[in-house]
Amino acid sequence: MTSAQPSQRPPSGAMQDWIEKSLAQVGTVLVGKRHQVEQAMACLLAGGHLLIEDLPGMGKTVLSQALARTLGLSFNRIQFTSDVLPADILGISIFDRDGGAFEFHPGPIFAQVLLADEINRTTPKTQSALLEAMEEGQVTVEGATRPLPEPFFVIATQNPVTQAGTYPLPESQLDRFLMRIELGYPDPAAEREIIRGTDRRELLERLEPCLDVEQLAALQQQAAAVRLSDALLDYVQRLVEHSRKDPTFAWGLSPRGALALVRAARAWALIRGRQHVVPEDVQAVLPAVVEHRLREHADHGRSGGVALAQRLLAVVDVVN
Amino acid sequence: MNRGVLEQIPRSSLALLLVSQGVVIAPHVPRMALWTLAFWGACVLWRVWIYQGRWNYPSAWTKAGFVVLAIVGVSVSHGIQFSLDPAVALLILAFALKLLEMRTRRDALVVIFLGYFVIATQFLFEQGIAMTLYQLLAVLMVTAALVALNQSWNRPRPWASLRTAGVILLQAVPLTVVIFLFFPRIAPLWSVPLPDAASRTGMSETMSPGSITQLGRSSQLAFRVEFEGPPPPARTLYWRVLTYSEYDAGTWKPGPLDEVLDPPVHWVGAQSEPLWLRRVATEGEAVRYSVLAEPTYRPWLYALDFARPLTRATGLGRDFRILHQGPVTQRFRYEVESRAARLDPDLPDWYALRETALPARVNPRTRAFMGQLTQEHRAPRVLAERLMLHFAEEPFHYTLNPPPLGQNDIDDFLFDTRRGFCGHYASAFVFMMRLAGVPARVVAGYQGGEYNPVGDYVAVRQYDAHAWAEIWIEGEGWVRFDPTMAVAPERIERGAEAAFADNAEEAAYGNFAGNRLWRRMDWMAEAYYFIDSLQHRWNVLVVSYDASLQNRFLRDLVGEVTPLRVAIAAGSAAGAAVLVAMLGALPGVLRRRRSPLLRFHDAFCRVFERAGDARHPSETPVRYARRLGLRYPDLDADLQVLGTRLEAALFGPEAGASQQLPEAADSHLRLARLRLRLLLLRMAGTFKRDRGRSDPGQLS
């Protein structure tokens, strides 16, 4: 753990205000989804990518756009279909007649927040191009390596209902998303407000950035420096070990999964205004972090991860 | 939480219970009627269906019907009698029926304890080492069911229960050994007639060779002998069991043993020696050995001539065999001293008369033959040797499946069939000697035996059973003649098993083939001897450990046996046993060397776990303390302080690697206070509630 140097950082109280303000502002657009907004924020602060699995029209686009605007980030959206090719998202070099040379036209991936809509509708070839970019933070087109903007945050969505004509992401690629969340229907009061209120798109237009890129970078740095006690590391290790030993689990969590759990828990602690992680932080992020990484032995419907996460929470001892 | 859920039988316990019931009943199966098994299967099926919700519990009338059915069934298949087999059958049926009214934990406990009881009953029938190991397995299974019954919801795996049960049993072993050694061996207060003696193989009270056409012989063990010093060669080992003196219509029977003045049996420890015993002239060196006899349900024992038994409850009979007071119903160990001797150098007239008595007018051809022979040879010994020569020269044939003989059995055998086994030859020999006026009798017993080099003992099996002849010669007493020796010397020289195994046809009638195959290879022979000697050790050390052996053991241990000394010895041994059992837990304690902080956390949780408020695994100290605070508002202050302190030390920003308990003295004080106040609260709670619901930790 790298030791934090608080003197070079804004005081944590100010950071807390930034986070609270951003969350509140996103909350005005995406009404009644505080927990999901916090999860998305934690994912962003931890420097990971987010997978949202939900029906169309639940506010996935609104969430990602609101986040981008509030944090002062550039936003792009790709709607995936089966005929989208890697070049369509990465960009392509076109011969410029005037200049007499090839000129690179960057694709939509060159944005700070990228909404990859219905990622499971496109071919594995295109999927892997995107996921590679997510992992590396850079794009290689026609031999030239081009860095992606900082920060780079991908929100991918999947439609869980219509599976016909889709290419489900393999486990190895699901593993690249730090979290997988569902938005779910809004509660009646929130829904009433949505129905009565102004069009979401208009609201989005009006959002002002709460943070600049430096502030966001500082927050991300701070999140990585949240303290972790030995007892808590023991707890995380017990969780991982249980997932590997319990025969109900088809396979255990990878070291990358364990790392993701710790990163997400740190960001969550920061959102909660703490400079140290407590077990509740781990428990809060655990379902979102591990559900898409786990599968039950006897499960062929790709739904067992939910029960397994609950099992980990119920069975693994916090202290022992 | 509602009581019904608490009282339910967990699934893993039910499964273990059903499996262990099968394991417990299995060894009884050979003795049970087939329908009993079907009855049990039906009960199990029904119980499983109840679990699956397909069927309901039987009504009271149905259950009563089943009970009547079981009783009627047992009396039909076993007859109405007071003995062990029907009693055990009834017990097993009750055991099976109990499944059908097993609703709550309490009922399951009854079934489990019945299981232990059924395991105990199996030892009335068999106490071999293999059976004991099997029953250990059964105890393990039943204990696992008991463990599973008491396990909480988050440990539903039967393997975990089995492992726990195994650990419990291992811990019980030292104490079991101590109790086995020290617990007084009390004679039974009552006795149940033991399994039918008639079904046992072995010697019988009478011998009628003519009516036997196939002598089935088993490899079942008769007895084992340990010699002090090297064992004598097998061909000299004639184990006397019975003498047959009376012949009638082809059947030999033992004669009455009555003496006029002296008792017919001289029991060990009797005051004066009878005259007939005093007249025996011993010569030569004594051979001492101890015999471990298998139960025969008859009083007879085994010894070499001339034997003086040394163990209590045994005695020497008038015909120089040794006997046991009452039937031998369990393995019996006794010591004997044998030496060469002249038995009955003077034979009383009445005795000589009895040993020459023959029915008139049977076997005319033999009479004629002997009439001719006695013309040529007068002296008994010469005559006997002439007869032996006759058997050797004429085409007599040794066989285990002889043709049947008619009314004049000796005639038929000597002149027509000339095929027979030891009984035929001994019978014919004695008949002929008596015709010549020489006192003669048939001796039945065992000949030879197999030396086990691993265990250094001789094992004698049922196929070693043999019959030979004894004639009385003036001045020499009783002299043994074995006519079988003349016909089939290999039977004596190499032992019954080897002699018959060469002949496939013969072997088919005996049970020799199996044993023979065993020993075809060297390592198999080793293994065979090893297993046999293991069984022997087991019988000597464990099964026949009775009051007298216990007494001897105690005398070796404490010198003079006084209650105080025995109590001290038993007490310290029990203490040591408990210590040994606890020693098994030591490595676990050492391995999990926990920090003071974690130990304090454990202690904190344990206090409330005993009160029924266990910490959920996912609860952090603060959340646990908060929940407990709601549950016990009086204790809230201390709870919150300790909860916060633990949480901070474990996970807080200052939490270090040292994991020390902050403010240790104060924390321990608070914990002690909590413990005391919780105890007081619970006692007060118990008084307030009605006595039926004694658990104050219940929230409903």
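How do helix 2 of chain B and helix 6 of chain B lie to each other? They are roughly parallel, because the angle counts as such under 35 degrees, while over 145 is roughly antiparallel, 65 to 115 roughly perpendicular and the rest oblique.

Some ground rules. This is a predicted model: local features need pLDDT of at least 70, side-chain atom pairs count only at pLDDT 80 or more, and totals for chains, interfaces and linings use all residues. Residues are numbered from 1 along each chain as its sequence is written, and chains are lettered from A and ligands numbered from 1 in the order in which they are written.

Back to that pair. The axes of helix 2 (residues 11–25) and helix 6 (residues 105–122) of chain B come within 10 Å and cross at roughly 20°. Axes here are lines fitted to C-alpha atoms, for helices over the stretch in contact, and angles run from 0 to 180 degrees between N-to-C directions. Helices (H or I, at least four residues) and strands (E, at least two) are DSSP runs, numbered from the N terminus.

Who touches whom? Helix 2 of chain B brings B:Ser13, B:Leu17, B:Ser20, B:Gln21 and B:Val24, and helix 6 of chain B brings B:Ala108, B:Val111, B:Gly115, B:Val118 and B:Ile119. Contact means C-beta atoms, placed from the backbone, within 7 Å. That set has six nonpolar, four polar and no charged residues. Ala, Val, Leu, Ile, Met, Phe, Trp, Tyr, Cys and Pro count as nonpolar, Asp, Glu, Lys and Arg as charged, and the others, Gly among them, as polar.

Next pair. Helix 3 (residues 34–52) and helix 5 (residues 84–97) of chain B have axes that come within 9 Å and cross at roughly 15°. That makes helix 3 roughly parallel to helix 5 in chain B. Their crossing is left-handed. Helix 3 of chain B contributes B:Thr36, B:Phe39, B:Trp40 and B:Cys43, and helix 5 of chain B contributes residues including B:Ile92 and B:Leu93. By class, this contact has eight nonpolar, one polar and no charged residues.

Chain B overall. Its secondary structure comes to 27 helices and 19 strands. Of its 700 residues, 32% count as buried (20 or more other C-beta atoms within 10 Å of the residue's own; 12 or fewer is exposed, in between is partly exposed; C-beta atoms are placed from the backbone).

Chain B also has an open sheet of three strands, order 5-9-10, paired antiparallel. Its edge strands are strand 5 (265–267) and strand 10 (322–324). Strands pair if DSSP finds at least two bridges between them. Strand 9 (residues 314–317) and strand 10 of chain B share three bridges. There, B:Leu316 has B:Ile322 as its bridge partner.

Over to chain A. Six bridges join strand 3 (residues 91–96) to antiparallel strand 4 of chain A. A:Ile92 partners A:His105. These two strands form a hairpin with four residues between them, and A:Gly100 in the turn has a positive phi of about 70°. Is strand 4 of chain A buried or in the open? Of its six residues (101–106), the number buried is zero, so strand 4 of chain A lies largely in the open.

Last, the interface. Chain A gives 18 residues and chain B gives 13 residues. Helix 10 (230–245), helix 12 (279–290) and helix 13 (304–315) of chain A each give two or more residues. The chain A side has 10 nonpolar, four polar and four charged residues.

How values were computed
Contact = placed C-beta atoms within 7 Å. Left-handed = near helix turned anticlockwise from the far one by under 90°.
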